Amino acid sequence: MPAEVVERIPPGVRLEMSRAGVQIMANRIGVRLLHIKGAMTDPALGPRIEGTDVDVMVDPADIPRLHRALLAGSWTVYSTFRNNSSFEHAQTYFHPDWGHLDLHRRFPGIRIADDRAFALLWAGHGVSSAAGVPCAVPSFAAQAVLLTLNAARAAFPGSAAERIWDALDGPARKDCLALVERLDAQVAFAAARGDLERYAHRREYLLWKVTSQGGTRTQDWLGRVRAAPTLGARARLVLRAPLVNTERLGHKLGHAPGAAEIAREFVVRTSRGARELGRAAVARMRPGADRSRRTASAPVSAAADPEPAERGGG
Amino acid sequence: MTRYRPAPEVGVIDQDDAVYVARLPEGPVVVLAGTAAVVWRAACDPGEGTVADRAARSVDQDSTTIAPAVDGFLADLVERGLLAPGAD
């Protein structure tokens with residue numbers, strides 16, 4: 001696309017065309033996907049915030065095929081599932097004409113298997129339109145659930161979650177809560193709505209406490225280890241903790257990081273982790289400190305912490 | 001032919017003073033502004049008469065005067081795969 005033409009196209013138009021293009025690509029290869037967030041949100045759930053990228057949730061079985069089609073269509077991987085966010089839920093692609101695409105294989109907060117979650121969200125899906133192209137979107141109740149779970153990772157989750165809840169009538173609230181139950185997403189849903197303490201006994205409690213209220217990177221990491229569903233997943237998190245996210249470092253530097261830059265970042269990460277663990281140990285040893293397991297590792301506010309955990313993207 | 005429709009797999013956004021059309025997912029996005037937007041809208045409008053007749057009403061021109069330019073433009077859009085002949 002010539003530069004002079006691109007410059008005349010409003011960002012919202014480009015985004016909508018991009019969304020429609022991804023849908024057509026999926027149609028061609030028989031891939032099921034749901035358009036989530038942004039302009040595809042039902043207006044009854046609040047003001048449509050256009051966003052800056054296309055967000056789709058894809059049938060996990062179809063992801064390899066869509067990935068190949070995207071690469072064949074001049075999209076490049078901007079950030080992988082593993083490095084995009086600590087939830088590892090989305091992979092980001094970039095196209096010079098169409099911008100960014102977040103391909104979700106799961107949604108943070110949903111605990112059931114990815115394929116079962118997609119099947120539940122696909123059931124009862126509706127259709128919206130982008131640039132005149134029919135696009136599948138989750139049902140109204142499912143949109144409310146996803147937006148609420150998304151709010152749990154925002155700076156002020158309560159206000160967004162309440163706005164969404166207020167937009168639902170009685171039957172819609174019932175549908176919403178039933179879906180939360182079926183998706184096993186109660187903890188993240190409660191975190192968004194300020195009701196997290198009801199789930200203090202759940203293994204993902206700390207993760208959502210840190211995610212919704214802030215905390216150090218170490219607390220975030222501990223929360224993820226505790227929340228990991230299997231021993232293998234826990235071991236993987238432990239082993240990966242000191243590794244440098246070279247994609248994120250590359251985006252920060254503006255170029256592919258060299259060996260020296262990666263080594264420097266490795267030292268920074270391990271030093272930061274050691275400092276945080278040291279501070280936590282000192283806090284535990286202080287006279288009068290509450291030594292209950294939960295309180296000892298409970299997060300501090302992000303504002304008071306010099307190195308807050310990064311919030312997951314997508 | 002007096003009526004057209006967007007070709008299959010073509011995205012269309014009619015916004016403000018322009019119509020944005022693109023063959024998807026390849027692109028590019030083509031911006032139809034001013035008279036070009038008027039002709040696109042007239043082509044896809046199910047109203048009476050020829051495309052030139054409908055466009056002429058919007059630009060306050062005589063349809064016979066603008067018909068050659070309109071037909072040439074429509075042929076170009078069809079050749080680009082953006083517009084397809086529709087049922088009368």
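Colleague: Where in chain B is the place of Glu9(B)?

Modeller: This is a predicted model, so read every value as computed from it. Glu9(B) sits in the loop between β1 (4-6) and β2 (10-15) of chain B.

Colleague: Is Glu9(B) buried, partly exposed or exposed?

Modeller: Glu9(B) has a relative accessible area of 35%, so it is partly exposed. Look at the backbone too. Phi of Glu9(B) is near 65°, which is a positive value in a residue other than glycine.

Colleague: Which residue forms a salt bridge with Glu9(B)?

Modeller: Arg28(A) does, across from chain A. The closest N and O atoms of Arg28(A) and Glu9(B) are 2.6 Å apart. Between chain A and chain B the count is two salt bridges.

Colleague: How do I read an interface, and what area is buried between chain A and chain B?

Modeller: The size of an interface is often given as the accessible area lost when the parts come together. Here about 1500 Å² is buried between the two chains. Carbon and sulfur atoms give 71% of that area. In terms of contacts, 16 residues of chain A meet 17 residues of chain B.

Colleague: Which three residues supply more of the area that chain A buries against chain B than any other three?

Modeller: Met17(A), Arg28(A) and Trp98(A). Together they supply 34% of the area on the chain A side. Arg28(A) is also the salt-bridge partner of Glu9(B).

Colleague: On to the backbone of chain B. Which residue does a cis peptide bond join to Gly27(B)?

Modeller: Pro28(B), with omega about 0°. Another cis peptide bond runs from Leu24(B) to Pro25(B), with omega near 5°. Pro25(B) lies in the loop between β3 (18-23) and β4 (29-33) of chain B. Pro28(B) is found in the loop between β3 and β4 as well.

Colleague: Now chain A. How many helices and strands does it have?

Modeller: Chain A has 15 helices and seven strands. Of its 314 residues, 46% count as buried. Take the contacts in chain A with a separation of 6 or more. Residues 24 or more positions apart account for 60% of them.

Colleague: How do I read aromatic pairs, and how many does the structure hold over all chains?

Modeller: A pair of aromatic rings is described by the distance of the centres and the angle of the planes. The structure holds three such pairs over all chains. One of them joins Phe118(A) and Trp122(A): the centres are 5.7 Å apart and the planes are at 20°, so this pair is stacked. Planes under 30 degrees apart count as stacked. Both residues lie in helix α5 (residues 114-122) of chain A, four residues apart, about one turn of the helix. Phe118(A) counts as buried, at 1% relative accessibility.

Colleague: How are Trp165(A) and Phe189(A) paired, stacked or edge-to-face?

Modeller: Edge-to-face, with 6.5 Å centre to centre and 70° between the planes. Trp165(A) lies in helix α7 (residues 157-166) and Phe189(A) in helix α9 (residues 186-192), so the pair ties together parts that are 24 residues apart in sequence. Both residues are buried.

Colleague: Which residue lies over the face of Trp165(A)?

Modeller: Arg193(A), at 4.3 Å from the ring centre. Phe87(A) gives a second case. The charged end of Arg224(A) sits over its ring, 4.5 Å from the centre.

Colleague: Where is Arg224(A) found, and which residues does Arg224(A) touch?

Modeller: Arg224(A) is in helix α11 (residues 217-227) of chain A. It counts as buried because its relative accessibility is 9%, and the cut-off for buried is under 20%. Leaving out residues up to four places away in sequence, Arg224(A) touches Ser86(A), Phe87(A), Leu207(A), Thr211(A) and Leu237(A).

Colleague: One last residue. What is phi of Asp184(A) near?

Modeller: Phi of Asp184(A) is near 55°, a positive value in a residue other than glycine. Asp184(A) sits in the loop between α8 (170-182) and α9 of chain A. At 25% relative accessibility, Asp184(A) counts as partly exposed.

Note on methods. Residues numbered from 1 in each chain as written. Chains lettered and ligands numbered in written order. Predicted model: local features only at pLDDT ≥ 70, side-chain atom pairs only at ≥ 80, totals over all residues. Heavy atoms only, no water. Phe/Tyr/Trp six-rings, centres within 6.5 Å; stacked < 30°, edge-to-face > 60°. Helix = DSSP H or I, 4+ residues; strand = E, 2+ residues; numbered from the N terminus. Buried < 20%, exposed > 50% of the residue type's maximum accessible area, 1.4 Å probe, protein only. Lys NZ or Arg CZ within 6 Å of the ring centre and 35° of its normal. Contact = heavy atoms within 4.5 Å. Buried area = accessible area lost by both parts, 1.4 Å probe. Salt bridge = Lys/Arg side-chain N within 4 Å of Asp/Glu carboxyl O.
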